[in-house]
Amino acid sequence: MDLETGVPLPSRLHVGGGSSDGRRVHGADRYNGGRWKDMAMAYRTLGVVFGGLVTSPLYVYPSMNLKSPTEQDYLGIYGIMFWTLTLIGVVKYVCIALNADDHGEGGTFALYSLLCRHTNIGILPSKNADSVTNAAHVNPSVGTEKRSRLGIFIERSMTARRIVLFIAILGMCMLIGDGILTPAISVLSAMDGLRGPLPSIHKSAVEALSAAVLIALFLLQKYGTARVSFLFSPIMASWTFTTPIIGVYSILRYYPGIFKAISPKYIVHFFLRNGKTGWQLLGGTALCITGSEAMFADLGHFNKRSIQIAFLFSIYPSLVLTYAGQTAYLIRNPNDHNDGFYKFVPGPVYWPMFTIATLAAIVASQSLISATFSVIKQSVVLDYFPRVKVVHTSQHKEGEVYSPETNYILMLLCVAVILGFGDGKELGNAFGVVVILVMLITTILLTLVMIIIWRIPIIISALYFVPFSILEGAYASAVCTKILEGGWLPFAVSIVLAFIMFGWYYGRQRKLEYEMANKITLEWLGELLESSEIQRVPGLCFFYSNIQDGLTPILGHYIQNMRSLHRVTIFTTLRYLLVAKVAPNERIMITRLGLDGVYGCMIQYGYADFLNHGGDDFVTQVTNSLRAHIENSSEGLSPAYVEEEISQLERAKEAGAVHVRGKTRFHVGKDTSLFDRILLGFYEFLHSNCRSALPAMRIPLRQRMEIGMLYKA
């Protein structure tokens, strides 16, 4: 891992029938084991991925501003919801989007990461170089195939690259806004069921109870997705399979011909009859597909096949039947739409369904909370967000993560939304803005992936882009009319998050530009060490660096002030790989740098590796690897020279080790522009309050040394 950026490299590609740990699995065993594993994981997805989507019947109809609706209106609304679930849920996400993962990760920022790895469209120079190199390593054909004209255009246009980055950032910000609104509207809508049979309960009491429930949910997050899903999946299974049963009962009792609404003519008649009002109602119907983005963003927590199985065989049929039952009831009771879910529940099962609905709403919140953790981790990894603590809660699945800072900020915002809004229609307006804009952004980025990476002809890609952009664009135009009626909230959250991300990105870019312009070459270091003014002092020094081609400017600052360098100096880089565990023989990689007593060392580790190097143990591991490297790469060198080199290493180790790392800041002078003063000042504030990229390696304090340096802004 890069000491300053914390950027991981892609994992190695596993080819053939072997498992990820290198063991070969034979055909029948692999099929049976994989099938049952996918089924078990599909069951677990109910408790994490689909909570927001499958509980949407709680608030879709109450969020609509219906006035004297007729039978034909309800048929048109159900037709819109049916085709929205089918086209966006099944076709877009299940059949297409789930294939566009980046090392198993999903979501808008994963799409951007995927584009950066395969083309040179990233903004930061180091990311561009790494992306090209890594892509070529993973897929040797990259660079030899005919390149996409669109990809070449974006590479050459800084404006186009910035637009793509802005779209990705906006998508991530909106998804975090979704993570705030989904828990709020789901729990509040479920708890509002108390006021039906118990009208004496005041609305403020429902809001306070909803806030208390959410606080308890967020406090559970630290136990990890796997444990949470084990607890929540039975609840969501109960909800998923009981609501369609009530839906079928309602269909048979109130309106058996409800499925004729699938015919597009009812949708056409709905818009012809209602005009502008019908167009505005699209903002409410859009909520039927809410939470589908979590199906993509939570990909890192599960896998593609398990999500596809769960959606196609449980979630999709459940929603189709539940909405059909709700609509059938409302056709016979047209004025009950403000409480469209609880009113259609038969009296004898009201309280059991209220209990299940409340528990399901709590679980629904989990899907977007997990998705928020995923996108925050992705943006930190890509160095577009200040470093926050990310905890891997599973030894077997890299995507299962938890971020304490993110968790508690989400908790405070969710509670504030419930207490500040309260009204279901305003929350629905805000929610609709988030849902549709995230989907539209996914459509745009996914189209770029199709053309640039999958090399699908533009004409065929247009068959995806045009219909979905028109569909989601119509939804977006409708929800944007609700900006002043609650829709402003996700925009406010997105603006704050985008400013944080841009300030961090700008500071990182300026710091990288300075380091690349002032990097230390090995030739300069060699000349400096030959000078009589520089002393080689006894001891072993681990000097942490993050520049691959050259050495960090902090080295020059250190030598010029200390006028010395340790007899054995090892320039060390920590590199985080997207694999579970790094093989012991690949963990420590040593190189000679061509100078007496100066070496390069790269320490690689995976997400399931426990980096617990305790001082002397760490020193021993590296020096043993260095000794082995000296012995194995001594061809052409005299035995006496090799023996002296090994002896020098042993003496340096006995003299004691010191670990040196840089701590840099920007010097903002009077000649600095106002723009830089604001942005770099904000970056320094973020940098001072974020986590360190250097993992805690349990190195004794007496062996640590930090070298401060000012970079001229």
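This is a predicted model: local features need pLDDT of at least 70, side-chain atom pairs count only at pLDDT 80 or more; totals for chains, interfaces and linings use all residues.
Local features were considered at pLDDT of at least 70 and side-chain atom pairs only at pLDDT 80 or more, whereas totals for chains, interfaces and linings use all residues. Residues are numbered from 1 along each chain as its sequence is written, and side-chain values use heavy atoms, with hydrogens and water left out.

Helices (H or I, at least four residues) and strands (E, at least two) are DSSP runs, numbered from the N terminus. Burial is expressed through relative accessible area, with buried meaning under 20%, exposed over 50% and partly exposed in between (1.4 Å probe, protein chains only). In strand β6 (residues 598–605), eight of the eight residues are buried, so the strand is largely enclosed by the rest of the structure. Both of its faces are covered, with V598, G600, M602 and Q604 on one side and Y599, C601, I603 and Y605 on the other. Strand β5 (residues 588–595) pairs with β6 in the antiparallel sense over six bridges, pairing being assigned if DSSP finds at least two bridges between two strands. L595 has V598 of β6 as its bridge partner, and the two strands form a hairpin with two residues between them, where G597 in the turn has a positive phi of about 75°.

Helix α7 (residues 149–156) has G151, I154 and E155 as its buried residues. These cover an arc of only 105° around the axis, which puts them on the same side of α7; the arc is that of the directions from the helix axis to the C-beta atoms. The exposed residues R149, F153 and R156 are carried on the face turned away from the buried side.

With a disulfide defined as a pair of cysteine sulfur atoms within 2.5 Å, the count comes to zero. Among the cysteines, C173 is buried at a relative accessible area of 0%, and C601 likewise counts as buried at 4%.

A nonpolar core is a set of buried Ala, Val, Leu, Ile, Met, Phe, Trp, Tyr and Cys residues joined through side-chain atoms within 4.5 Å. The largest such core comprises 161 residues, of which F50, L58, Y78, W239, F311, F341 and L445 touch the most other members. Helix α8 (residues 158–191) gives the most to this core, with 19 residues. A second, separate core of 29 residues includes L529, I554, L565 and L679. Taking contact as heavy atoms within 4.5 Å, F341 touches P57, L58, W239, T243, Q326, M353 and A357, residues up to four places away in sequence not being counted.
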